[in-house]
There are 2 protein chains.
Amino acid sequence: MKIGVFGTGMVGHTLATKLVELGHDVRMGSRTKDNPKAVAWVEKGGARASQGTFADAAAFGELLVNCTEGQASLAALHAAGAQNLSGKVLIDVSNPLDFSRGMPPSLTVSNTDSMGEQLQREFPELRVVKALNTINCSIMVDPASVAGGDHDVFVSGNDASAKGDVTKLLRSFGWRSIVDLGDITTARGTEAYLLLWIRLYGALGTPSFNVKIVR
Amino acid sequence: MKIGVFGTGMVGHTLATKLVELGHDVRMGSRTKDNPKAVAWVEKGGARASQGTFADAAAFGELLVNCTEGQASLAALHAAGAQNLSGKVLIDVSNPLDFSRGMPPSLTVSNTDSMGEQLQREFPELRVVKALNTINCSIMVDPASVAGGDHDVFVSGNDASAKGDVTKLLRSFGWRSIVDLGDITTARGTEAYLLLWIRLYGALGTPSFNVKIVR
């Protein structure tokens with residue numbers, strides 16, 4: 001599949017690399033056409049890897065992945081262009097972390113709203129599915145690296161068929177337990193969980209953990 | 001031990017009953033001396049169960065447990081009286097849930113503050129330990145009822161010795177994995193998690209679940 005990945009940071013890099021490994025054609029998008037991190041990724045990425053602006057990546061992808069920082073996500077999607085987003089599935093991995101008061105970060109949007117909802121409201125023709133934002137990126141693409149893969153990832157979104165597409169992709173990453181939380185407002189839950197995740201990171205001394213729902 | 005439990009709702013009832021079963025002397029506190037729910041609990045509770053006002057319960061308890069609704073917690077502790085709270089350990093089980101906009105609830109305080117911090121700030125001589133607020137009350141007192149007890153509970157607080165006391169009590173309930181998240185500001189994490197808990201409740205169709213941290 002042709003996939004556009006927004007963001008050249010560690011999350012974008014990790015997901016784009018995994019998607020190429022799985023045989024997808026991946027275009028990494030950023031603010032500028034010649035982002036050095038994107039260029040370096042393409043040089044190592046082989047024939048299936050390419051890069052360009054947010055608009056280039058959006059136009060290229062049949063499926064899109066938002067790996068930009070939460071505070072930059074709305075601007076990134078505006079740069080991508082509503083016409084390039086319309087009708088497509090966007091996996092929103094972003095978290096609205098605010099480091100302006102130092103560590104630990106707070107959230108720029110939370111409680112009665114979420115980043116996922118903001119993106120969905122701003123681009124109603126985009127099919128936003130919040131997913132993978134509760135996990136460190138190394139585990140996102142290799143769930144088996146922790147507890148043999150016996151733990152959970154969550155999806156939130158208004159479009160059942162879009163969530164089906166994302167679930168399929170997550171299974172190809174090795175995810176076995178994918179919990180559909182409901183519509184995009186349930187992203188409030190997974191984004192707010194970051195406030196616990198950050199503290200668990202501090203207490204455990206490693207970002208290599210996840211939660212398993214037990215009943 | 002003599003324990004004061006604030007609140008006559010399901011959480012207070014469940015915890016007070018468990019504490020009596022474990023051999024503690026428990027006084028349930030509420031706004032009025034003759035709260036019908038507290039009176040009914042005492043009638044069934046045996047010789048170790050008593051009830052009274054918040055101040056009565058606070059004066060009685062060597063250890064205190066706040067099971068009032070988050071929105072009522074500050075008022076409950078003021079009614080209990082700073083002199084009755086001073087130097088004591090308070091397990092704060094409350095969550096600042098706001099149902100005024102209907103379901104699902106939002107939080108009245110979150111992100112950059114928490115209920116646990118508010119109580120600690122208001123009563124600096126009280127040794128607040130946030131705990132058990134991430135779990136349905138039936139599981140609080142019977143962790144083995146879910147996944148054989150192989151899941152996690154969190155403690156947050158500024159006083160290491162107070163957290164030690166609470167950890168001991170939690171072990172007597174059957175908790176095996178008790179994660180010390182750090183100071184009372186880490187209550188922001190466990191309180192914000194309620195926004196995910198509520199959505200998990202909706203998705204799973206039961207409140208009888210918890211999370212296990214996997215590494």
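**View 1. The two chains and the axis that relates them.** Because the model is predicted, local features need pLDDT of at least 70 and side-chain atom pairs count only at pLDDT 80 or more, whereas totals for chains, interfaces and linings use all residues. Residues are numbered from 1 along each chain as its sequence is written, and chains are lettered from A and ligands numbered from 1 in the order in which they are written.

**View 2. The contact between chain A and chain B.** The contact takes 35 residues from chain A and 36 residues from chain B, where two residues are in contact if their C-beta atoms, placed from the backbone, lie within 7 Å. On the side of chain B that touches chain A, two or more residues each come from β7 (106-107), β10 (177-182), α9 (187-192), α10 (194-204) and β11 (210-214) of chain B; helices (H or I, at least four residues) and strands (E, at least two) are DSSP runs, numbered from the N terminus. The largest share of that side, eight residues, is given by α10(B). By class, the side of chain B that touches chain A has 17 nonpolar, 13 polar and six charged residues, with Ala, Val, Leu, Ile, Met, Phe, Trp, Tyr, Cys and Pro counted as nonpolar, Asp, Glu, Lys and Arg as charged, and the others, Gly among them, as polar. Of the interface residues of chain B, 97% are also interface residues in chain A, so the copies meet through the same surface.

**View 3. Strand β11 of chain A beside β11(B).** Strand β11 (residues 210-214) of chain A and β11(B) run antiparallel and are joined by five bridges, two strands being paired if DSSP finds at least two bridges between them. Within this pairing, Lys212(A) has Lys212(B) in β11(B) as its bridge partner.

**View 4. Helix α10(B) and its surroundings.** The buried residues of α10(B) are Leu194(B), Leu195(B), Leu196(B), Trp197(B), Ile198(B), Arg199(B) and Leu200(B); a residue is buried if 20 or more other C-beta atoms lie within 10 Å of its own, exposed if 12 or fewer, and partly exposed in between, with C-beta atoms placed from the backbone. These buried residues pack against β10 (177-182), α9 (187-192) and β11 of chain A, together with β6 (97-98), β7 and α9 of chain B. Just after α10(B), Gly205(B) takes a positive phi of about 75 degrees.

**View 5. Leu181(B) in strand β10 of chain B.** Leu181(B), which lies in strand β10 of chain B, counts as buried because it has 25 C-beta neighbours inside 10 Å. Apart from its neighbours within four places in sequence, Leu181(B) is in contact with Arg199(A) and Ala203(A) of chain A and with Phe154(B), Val155(B), Ser156(B), Thr186(B) and Gly189(B) of chain B.

View 6. Eight strands make up an open sheet in the order β3-β2-β1-β4-β5-β8-β9-β10 (chain A), with mixed pairing. At the edges stand β3 (49-53) and β10 of chain A, each with a single partner strand, so one side of each is left without a neighbour in the sheet. Neighbouring strands are turned by 25 degrees against each other on average, direction ignored. Strand β9 (residues 152-157) of chain A pairs with β10(A) in the parallel sense over five bridges, and Ser156(A) stands opposite Gly182(A) in β10(A). Helix α2 (residues 36-45) of chain A lies across β2 (25-30) and β3 of chain A and runs at about 160 degrees to β3(A), where axes are lines fitted to C-alpha atoms, for helices over the stretch in contact, and angles run from 0 to 180 degrees between N-to-C directions. In the loop between β2 and α2 of chain A is Asp34(A), which counts as exposed with 10 C-beta neighbours inside 10 Å.

**View 7. Helices α4 and α6 of chain A.** Helix α4 (residues 70-80) of chain A packs with helix α6 (residues 115-122) of chain A at an angle of about 10 degrees, their axes 10 Å apart. The two helices, α4(A) and α6(A), are therefore roughly parallel to each other, a term for angles under 35 degrees, while angles over 145 count as roughly antiparallel, 65 to 115 as roughly perpendicular and the rest as oblique. In this contact, Gly70(A), Ser73(A), Leu74(A) and Leu77(A) of α4(A) meet Met115(A), Gln118(A), Leu119(A) and Glu122(A) of α6(A).
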